[in-house]
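Me: I have just opened this entry and would like a guided tour. Could you take my questions one at a time?

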Amino acid sequence: MVEDMEELRTPPVPLVALVGCPEYHGAISLYLHREQPPLNTLALPDFAKLPILGGKDKKPIDARMPPPLGILKHDWLTKHRTRMPAVLAVLLDRDHVYGDPTQWLQVCTHLDNVKLVLRGRNVKLVVAIVQPTSQGEINEERLAALRKRAEVDAKCCIVFITHEPSELRRSLARLGSIMGELATIFYREEGRRVKLRVEKKSYSSLELSVRYNFKIAVYAEFRRDWVAALKFYETAYSLLQEVISSTSMELQPVQRVVEMKAVAEQLHFKISNLLLHGGKETEAVRWFREHASWYKQMMGPFEGAFLHWAWVSRQFQVFGELLQNRLATASQTPTPNNAMRGQPAISERELQPAYYHHVSAVYMVKRRLAFQASLVAFETFEESNAVDVLAGPPEEVGPPVYVGQAPRLLKRGTDNHSQSPTETEYMRHSILLEKTFKHSVIAIALFKKAHELYQLMEAGRTCYLLLSDMGREYFAAKDYVTAMRILNSVVGIYREEGWVVLLGSALTYLRECARRLGLAKEFAVYGFELLALPLSAPISHGYVSGSEVDTFGNLERTQIHQELVEFLLGARNIPSQEGESAMTLSSALPVHLEIDLLSPLRTVLSVCVAFHSQSVRLGKVTRLTLAILTNLPSPVVFDEVEILFNQSSCNFSTLKNNFVEDDHEDLGSGSMSSLELQPRKWKRVSIDVIAEESGKLECLAVVAHFGPHATIRCQVESMGSREEIPFWKSEPGIDASPLADPMLASLGQKVIQVEEPEALVDISLEAPSPGLVGEAFPVCITISSAGHSIQAGDLEVYFAPSGKSEGGELSTSPTTESEVSPAELLVRHSGDNPQSKDNFELFAGLVEVPEISTGDSWSTVIYVRWLEPKAIILMATFVYHASEEGASKYQYRLHKSKEFDCVETLAIEHHYMPPFRRDALLLGNLDADTTGGQVPAATLALKESTILVVTLKNKSPVPVRLFKIEVTEEDRSRCVVHKSGAVLKEEESIEPSNDFTEGAAVGIVVAPEEIFTQLFWVYPLVPSNSLSVGTISVLWQRAMSSDSNANASEATIPNDKKAVDSVNNQVPLATIMVESPPLVITLDCPPHAVLGEAFTMTTKVQNMTNTLQEVSFSVVDTAGFIFSGAHSDTVSILPRGTHFLSYNLVPLASGIQQLPRVKINSAWYSASFQPSPLSTQIFVFPYPRFDPARYSSIDEAFGSLAIS
């Protein structure tokens, strides 16, 4: 809030005075201040201070009033708020009132002095008798004399109790009530008295009408009658407008204009404050709009214009703060309403405090500009020895008598007229004071305040406008760094949304900031962008235009363009900030500008190119056309233009190479011709390009040279995909098409594919398919000359990624390290290495190819070893030079690829099983069953033979030859493994030779999907919870074509150079649990039986422990046999002993029959055992057909049965 408005900001509070008994003034004052409504207190310590309350006598109501020298008294409101009480309370001690005659006489003297001071003032009087307690005698006669002496009624004469808390509160409440009521009566009577004077019209001056209505409104505020106060303030405001309208303000002195506006400001402030506190925001805004509009035109003389704009700025600032304070406490946000008759509607913007802070900042800038103009005139005509008389000491310069008037010169006389300064003295004093005022600091603070409020409203564009104005003020304050920072944050949105005029205004300031800071590159950038804008009319710099930067018209564009070009050419130095050296370009301080597709300098220089063909052979000529456009206002001449490519050998310079312009002849090689561009007209240039490298040839940029120390590098665009420049999209007078050829203009690209020269060589990749995981898969690569005699070449072999490129073609680049290949490339050892277990080594990737004559061929073998069954793409790239005289000097490159599939060869599985009809009671399995845990993968009996079954299945589509299947023990001292039977021949233990030209291969051929099984005996020697048995090793090889008809018996492989090496697959056996079995049960039974003939079945139970074992058994009957023997019993088996259970059985049916099963129960281990149904099966031959004496073997006996 403005300091001058502090006493007007809050409504006036009634003032009362206290005299006598000063020790109680503090408590009484605090209580009265907390009352509702509150009362301010003026405490007088003793009766000697009573003259402070004195004042001049009131004039009669009908007295004639002379014309005043001013409108509102300067200190009238302050006097009534701080020095002129409405009620005076006289505090008298009880002992003095009821004391001896001397004390009573002193009380009477004090009351007489009080009445003398208050004579003619209408101030209400209250007498309070102060006594400590409510006890005590009251002298009614003396009390009546006291009321008569003080001329007060009984209501205004009270007893004030001080030492009893309850009575003290009652006394304070009674005193406060009486004083508040009397204060209201006082201000009502004062208001009526002034109103009667207005009604009697005892004066002829409108200024007095304004003053009297102001006083009536203030008295109404004292008694909190807001409606009446607002009414009389509005009346005073309207009467003031009549006073102003009755005279011509243009002819009035500056002091008179300042006084009128100061009074209007005070009246309007009171009106606005009352309206806002009454919740009438819209009406307050309407009042302010009329107030600002009416007085904004009342500028007065030119030399006082800065005082006028200071006043206007203060009006907006004060009202904005009032509105902001009101909205901070309002329960609901005000909304715009309909327009009143003859007045526009209140907009939503006018209800926002940010708007008023913004406008206040704008008028603060106008104040600064007006002051600068007044200061120039003042310094021109001011006398050198003139003295500011209004800046003297307080004894010479007094405060003004009326609101808005200048201070008084006390030594010049006794009346107000003679003490008033002259117009010249007043303006000298105002200008000298204004010189110390920090205009830019205040304006920036107002802009920041408005910006913060608008940010809360999310008003983006208005925030950018405020930042732009703020940047200009920083420029005016010579803080160029901050100005550049703020304006740079603004120009981005102006470029994006196409605000050409606002962008041009900001660029003008940015260019000037760069000049004054000595920033050569920024100076050139902002200058070029400013010149390239489509400004059809001169621009100012927003409504805050001033003398810091001139307006920007066509003439200024030409001058700035000439200045900038001469600066870049080195022909002119640019003066920078005061006291600094001028900007000069040199080799140490060059200027290099970069223009990309997102650069704002794209409006300065735009280049698009097009190759005339989409592809070209290496070493062949292709044509490239460039179209260059500039939007600068004047022609531009570049000393040199360079065209840059991604292949540096193709780079082009107008000083060193030939180029062709439209409608011009071909210029000679090494011509020093420069390149001239006309404004807004395409410059078309064609050049010939020869690529010396295959792949992609791309035109990257054009570098234009201004002299030796300045360049502009512009990124080129393809003509087919060129985007229009937004600022110039709709401007007339531009050749819109870069090229005359519409096809080339719409499809032309800046990239061309340079193809390899045609290679007259063929590459073939041959190999059997598919590959098998683990084997060394041979791939024969053959290079055949079909026209070129190969001088020398390099063959590169690698795996290509399995995916394809975006164009659908296979990628010719090898797999990267991040791409894990499923295979590896190998070659055979260059020499014999008998100590090496593998005949291969990793392939280096490159093979040198010897000379190959025309029609000849050369081949090599590369091996592929798969690590997992995935398809791969094998890529061969051959790079060579031809040896013919007429052949090209370039390298020839040829690519060949082929996809190879791979499958898994053998599925190796294994499991354990006990010997036939011999089982061990293993407690590990029983514990796992009873505790709910997992049964071990295999639990074997200690020092008991167990069968290991290894199963191989050929999963590939090609037959394989098995050479050897063995199990390598981990530790023979812990577990022994040996093969069961002789499935392979005796030669199987011999390692097959890798050289298939000697000897013959042995083994077994396994056809696709065929299964081969091998048995081993496993004999654990130590107990263990996790015993490693060993590893299964399978040695195999791809079977050659001659093996396709081989049967399951062994077959030999003939000599074949394509034969591949063998593969050794190794599978570790799972760990097993080994424990000592307490019981071993063996079933002894003949292998077959004859119908009706008896045979013996014996179950042998062995106790493997050192303790006596109690075993119970029971037999399960079957329908195919009758037998003799115990069905159930319990026996005790000695340690390390054996018990036999024998039964005689007679078969009752032929065929496969189920023997009676003996179930064994161990009482000690609470475990039972029952043989499996498979182990208790037997084949029974029919009696008439079978005679064992006639047949020598079981097979012969079964054959006879089948024949019969």
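Me: Let us begin with helix H11; which of its residues are buried?
Reply: This is a predicted model. In H11 the buried residues are Glu-281, Thr-282, Ala-284, Val-285, Arg-286, Trp-287, Phe-288, Arg-289, His-291, Ala-292 and Tyr-295.

Me: What do the buried residues of H11 pack against?
Reply: They pack against four helices: H9 (226-245), H10 (254-277), H12 and H13 (353-381).

Me: And how far apart are the end C-alpha atoms of H11?
Reply: They are 22 Å apart. Helix H11 covers residues 281-296, and its 16 residues should span 22 Å at 1.5 Å a residue, so the two values agree.

Me: What about H12, then: how many residues does it have, and how far does it reach?
Reply: Helix H12 runs over residues 305-329 and has 25 residues. From its first C-alpha to its last it reaches 37 Å, close to the expected 36 Å.

Me: How many of the residues of H12 are buried?
Reply: Of its 25 residues, 18 are buried, so H12 is described as mostly covered.

Me: What share of the contacts joins residues at least 24 apart?
Reply: The share is 75%, taken among contacts between residues at least 6 apart in sequence.

Me: What does Leu-568 touch?
Reply: Leaving out residues up to four places away in sequence, Leu-568 touches Ala-524, Phe-528, Leu-585, Val-591, Phe-706 and Ala-710.

Me: Changing topic, how many salt bridges are there?
Reply: The count comes to 39 salt bridges. One of the pairs is Glu-529 with Arg-495, whose closest N and O atoms are 2.5 Å apart. This pair links distant parts of the chain, since Glu-529 is in helix H20 (residues 520-531) and Arg-495 is in helix H18 (residues 480-497), 34 residues apart.

Me: Is Glu-529 buried or exposed?
Reply: Glu-529 counts as buried because its relative accessibility is 1%, below the 20% limit.

Me: Which residue does Arg-256 pair with?
Reply: Arg-256 forms a salt bridge with Glu-259, with the closest N and O atoms 3.4 Å apart. Both residues lie in helix H10, 3 residues apart, which is about one turn of the helix. Glu-259 is buried, at 3% relative accessibility.

Me: Which residues are linked in a network of salt bridges?
Reply: Asp-112, Lys-115, Arg-149 and Glu-151 are linked in such a network.

Me: Where does Glu-698 lie?
Reply: Glu-698 lies in strand E18 (residues 695-706). It forms a salt bridge with Lys-696, the closest N and O atoms being 3.9 Å apart. Glu-698 is buried at 16% relative accessibility, whereas Lys-696 is partly exposed at 47%. Apart from neighbours within four places in sequence, Glu-698 is in contact with Leu-644, Phe-645, Asn-646, Lys-750 and Val-751.

Me: Now Arg-81: is it buried or exposed?
Reply: Arg-81 counts as buried, at 19% relative accessibility. It is found in helix H3 (residues 76-82). Not counting residues up to four places away in sequence, Arg-81 touches Glu-7, Thr-10, Pro-11, Pro-12, Leu-15 and Phe-222. The C-alpha atoms of Arg-81 and Pro-14 are separated by 7.2 Å, although the two residues are 67 apart along the chain.

Me: Finally, the surface: which residues make a nonpolar patch there?
Reply: Val-481, Leu-517 and Leu-519 make a nonpolar surface patch of about 220 Å². Among them, Leu-517 lies in helix H19 (residues 500-517) and is partly exposed, at 30% relative accessibility.

Methods
Residues numbered from 1 in each chain as written. Predicted model: local features only at pLDDT ≥ 70, side-chain atom pairs only at ≥ 80, totals over all residues. Heavy atoms only, no water. Patch = residues over 30% accessible without salt bridge, like charges linked within 9 Å, V, L, I, M, F, W, Y side chains within 5 Å. Areas by Shrake-Rupley, 256 points an atom, 1.4 Å probe, with all protein chains shown as cover. Salt bridge = Lys/Arg side-chain N within 4 Å of Asp/Glu carboxyl O. Helix = DSSP H or I, 4+ residues; strand = E, 2+ residues; numbered from the N terminus. Buried < 20%, exposed > 50% of the residue type's maximum accessible area, 1.4 Å probe, protein only. Contact = heavy atoms within 4.5 Å. Expected span 1.5 Å × (residues − 1).
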